[in-house]
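Hi everyone, thanks for coming. I'd like to walk you through one protein today, so please have a look at the screen.

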Amino acid sequence: ERKRVLIAVNEPAEIAKFKQLLIISGFEVKIAENGLTAIALSRDFRPHVVMAELGLAKIDGHHLLRELKSQSSTKSVLFVLISRHRSVNERVHSMSLGVDDYITLPFDPHEALARLNVIVKEVESHETSPIRNNRGFSGKLSEINVIEILQILEIGKKSAVISVENGEEDGKI
């Protein structure tokens, strides 16, 4: 099946070479010139990937992301944000909202294609691998120590209950 890519940008001429490269590479591509058009197109086109400019007309890229993730038919779509902003804070904020990748304008079409292929393959490999029932970390403390686990939780501003088992003894942190 050909992967479908919906690109939402204010100036479609800026990404014309990239669009052609995607088509040559086997993708099916549609262009939307604003956020509202992107939402409407996503219903009929059913894209695997949405690439959207942060500063879209009518609704911005972050709003588009929230809108697509709130609908059952588009909640699993991959989302790549395109922006002229190069600040780390903006990229981190966008990633925290759930974008799968962040590309700054202007971009090299071949690099963008390579990054797109990576996230598509990553999702395909998750779809073909068996689903695990447990979420988060599991394993032996000899592979990762408790301090590292606590640091990961602190950095991610997460909380957790850590169950520790040793033979018949167990405890929780």
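Of the protein's 173 residues, 35% count as buried, meaning under 20% relative accessible area, with exposed being over 50% and partly exposed in between (1.4 Å probe, protein chains only). Before I go on, this is a predicted model: local features need pLDDT of at least 70, side-chain atom pairs count only at pLDDT 80 or more, and totals for chains, interfaces and linings use all residues. Residues are numbered from 1 along each chain as its sequence is written, and side-chain values use heavy atoms, leaving out hydrogens and water.

The fold has six helices and seven strands, where helices (H or I, at least four residues) and strands (E, at least two) are DSSP runs numbered from the N terminus. In sequence order the pattern is β-α-β-α-β-α-β-α-β-α-α-β-β.

Leaving aside residues up to four places away in sequence, Glu53 touches Ala8, Val9, Asn10, Glu11, Gly61, Leu81, Ile82 and Leu105, with contact meaning heavy atoms within 4.5 Å.

Over to helix 6 (residues 146-155), where we find Ile147. Ile147 is exposed, at 53% relative accessible area.

Thanks, and I'm happy to chat!
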